[in-house]
Amino acid sequence: PALPSVRSAIGARRALDKMGFSTVEAMLSEYFQPIAPASMRIGDLCAGPSSADSLGLAAIGIADGQGNILGWHDHLSSEIATIKQALGQLTMAWRLGE
């Protein structure tokens, strides 16, 4: 389905509420097959711990197939970063293909 364009964490929270989802993980689980993070393949999506601001927004990344995650990081907020050996911090994952 088409997803709304959001420009802030509060806008993302409002969009999730409007769509009827309590968390980003719940939304992704509606559209993609949940899997164990340890079984991720290249291109699968994964979630890290939710933000500390109590908005229920998890950090979402893409598996690189080598145990690292591609995604946004607080320390590099202007570009996508490779987050090394993040597997132990992941809370959920989803398979995007067959």
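**View 1. Asn-68 and the residues it touches.** Leaving aside residues up to four places away in sequence, Asn-68 touches Ile-62, Ala-63, Thr-82, Ile-83, Lys-84 and Gln-85, where contact means heavy atoms within 4.5 Å. Welcome to a predicted model, in which local features need pLDDT of at least 70, side-chain atom pairs count only at pLDDT 80 or more, and totals for chains, interfaces and linings use all residues. Residues are numbered from 1 along each chain as its sequence is written, and side-chain values use heavy atoms, with hydrogens and water left out. You will find Asn-68 in the loop between β3 (58-63) and β4 (69-73); helices (H or I, at least four residues) and strands (E, at least two) are DSSP runs, numbered from the N terminus. Asn-68 counts as buried because its relative accessibility is 10% (buried is under 20% relative accessible area, exposed over 50%, partly exposed in between, with a 1.4 Å probe and protein chains only).

View 2. Strand β2 (residues 45-50) pairs with β3 in the antiparallel sense over four bridges; two strands pair if DSSP finds at least two bridges between them. Here Leu-45 has Ile-62 of β3 as its bridge partner. Strand β6 (residues 92-95) also runs antiparallel to β2, joined by three bridges, and Cys-46 stands opposite Ala-93 in β6.

**View 3. An aromatic pair, Phe-21 and Tyr-31.** The count comes to one aromatic pair (ring centres of Phe, Tyr and Trp, its six-membered ring, within 6.5 Å; planes under 30 degrees apart are stacked, over 60 edge-to-face, the rest tilted). Phe-21 lies in the loop between α1 (9-19) and α2 (24-31), and Tyr-31 in helix α2, ten residues apart. Phe-21 is buried at 13% relative accessibility, whereas Tyr-31 is partly exposed at 38%.
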